[in-house]
Amino acid sequence: GLVNTREMFARAIKGGYAIPAFNFNNMEQLQAIIKASVETKSPVILQVSKGARNYANQTLLRYMAEGAVAFAKELGCEHPEIVLHLDHGDSFELCKSCVDLGFSSVMIDGSHLPYEENVALTKKVVEYAHQYDVTVEGELGVLAGVEDEVSAEHHTYTNPEEVIDFSSRTGCDSLAISIGTSHGAYKFKPEQCHVDPKTGRLVPPPLAFDVLDAVMEKLPGFPIVLHGSSSVPQEYVDMINKYGGKLEAAIGIPEDELRKAAKSAVCKINIDSDSRLAMTAAVRKVLFEKPAEFDPRKYLGPARDEMEKMYKHKIVNVLGSDGKL
Ligand code: G3H
Ligand code: 13P
Ligand code: NA
Ligand code: ZN
């Protein structure tokens, strides 16, 4: 069945790699995630956001994830390690309902609350979830942009002075931190970036690795999570724009920075936007080139293939979780 994150994270930290946490909202994303993780022999975290629950129904998504374990075995993986995780839970009730339904991990995101309220809420979720061996991710610090329906203009980096108190008082199993990543495809403004003379591409300002280092110094060996870690591949942006789309100045996190983070105590890296871009690019291409096509399998199939390729690339070339099953 589904597993929680405890052993997975302990091994990832020791091994110097990170587990991919991919969001899913539909069958094609799920198939692509499972195929990519089976073929690369990687553990994987399936994430369900509040938006995904509203779009697809949490019960249906939960049984799709259960089905994914059987699918992985059918593909030849004897012992798949698949986590079903609630992404950005915003209340005790929501986290409880996911625990009760059979999710193996939940995030309670109290990062926008005053510190003591974040502690109290996270502790309450941990006390409930741990009774059922469900692991809990908490968050300290605020990412710029929209997070959990709360919008912030600037990053508030995680305060390393708070992390020992937070993790010990809440009992959370992992901690999401803010070091300059953000959600979506527009993570930086072009005027914040410089042009790489070799590639001509925009290079964003570096992540705050000093903050990550300070957190790791306070909490040696504690599992750290990075949200907002899509790289916004330029080839997908170009493909979308070539086939009728209009994405202007979409900029993500350079993969080199994620590679560096994956080698540290960062053991969960969240990627959603890159999957959306891969899917949209492939669908647009088919519909542009074959305007008479109206069988959804003819455009969702190529979209699935493109996502699978992208997921494998992340696993093998960025996070390093391949061969760990
Ligand atoms: O945290 C953000 C994730 O990318 C999920 O996004 O709420 O639109 O499903 P969503
Ligand atoms: P991206 O928007 O960078 O893919 O981040 C996803 C995420 O953090 C989900 O929680
Ligand atoms: Na790591
Ligand atoms: Zn997130």
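Visitor: What should I know before I start?

Guide: Residues are numbered from 1 along each chain as its sequence is written, while chains are lettered from A and ligands numbered from 1 in the order in which they are written. As the model is predicted, local features need pLDDT of at least 70 and side-chain atom pairs count only at pLDDT 80 or more, whereas totals for chains, interfaces and linings use all residues.

Visitor: In what order do the eight strands close into a barrel?

Guide: Helices (H or I, at least four residues) and strands (E, at least two) are DSSP runs, numbered from the N terminus. Strands pair if DSSP finds at least two bridges between them. Here the barrel order is β1-β2-β3-β4-β5-β8-β11-β12, with parallel pairing. From one strand to the next, the twist averages 25 degrees. Strand β1 (residues 19–23) pairs with β12 over four bridges, and A21 stands opposite N270 in β12.

Visitor: How do I read two packed helices?

Guide: They are described by the angle between their axes and the distance between the axes. Axes are lines fitted to C-alpha atoms, for helices over the stretch in contact, and angles run from 0 to 180 degrees between N-to-C directions. Helix α9 (residues 234–242) and helix α11 (residues 273–289) pack at about 35 degrees, with axes 9 Å apart. For α11 and helix α12 (residues 296–319), the angle is about 140 degrees and the axes are 8 Å apart. The contact of α11 with α12 comprises 12 nonpolar, one polar and three charged residues; Ala, Val, Leu, Ile, Met, Phe, Trp, Tyr, Cys and Pro count as nonpolar, Asp, Glu, Lys and Arg as charged, and the others, Gly among them, as polar.

Visitor: Which residues are closest to ligand 2?

Guide: A residue is near a molecule if its C-beta atom, placed from the backbone, lies within 6 Å of it. Ligand 2 is surrounded by 13 residues, the closest being H227, S230, N270, D272 and S273. By class, this shell has one nonpolar, 10 polar and two charged residues.

Visitor: Is E81 buried or exposed?

Guide: A residue is buried if 20 or more other C-beta atoms, placed from the backbone, lie within 10 Å of its own, exposed if 12 or fewer, and partly exposed in between. E81 counts as buried because it has 22 C-beta neighbours inside 10 Å. E81 sits in the loop between α4 (58–74) and β3 (82–89). Leaving out residues up to four places away in sequence, E81 touches V3, M8, P43 and L325, where contact requires C-beta atoms, placed from the backbone, within 7 Å.

Definitions and conventions:
Contact = placed C-beta atoms within 7 Å.
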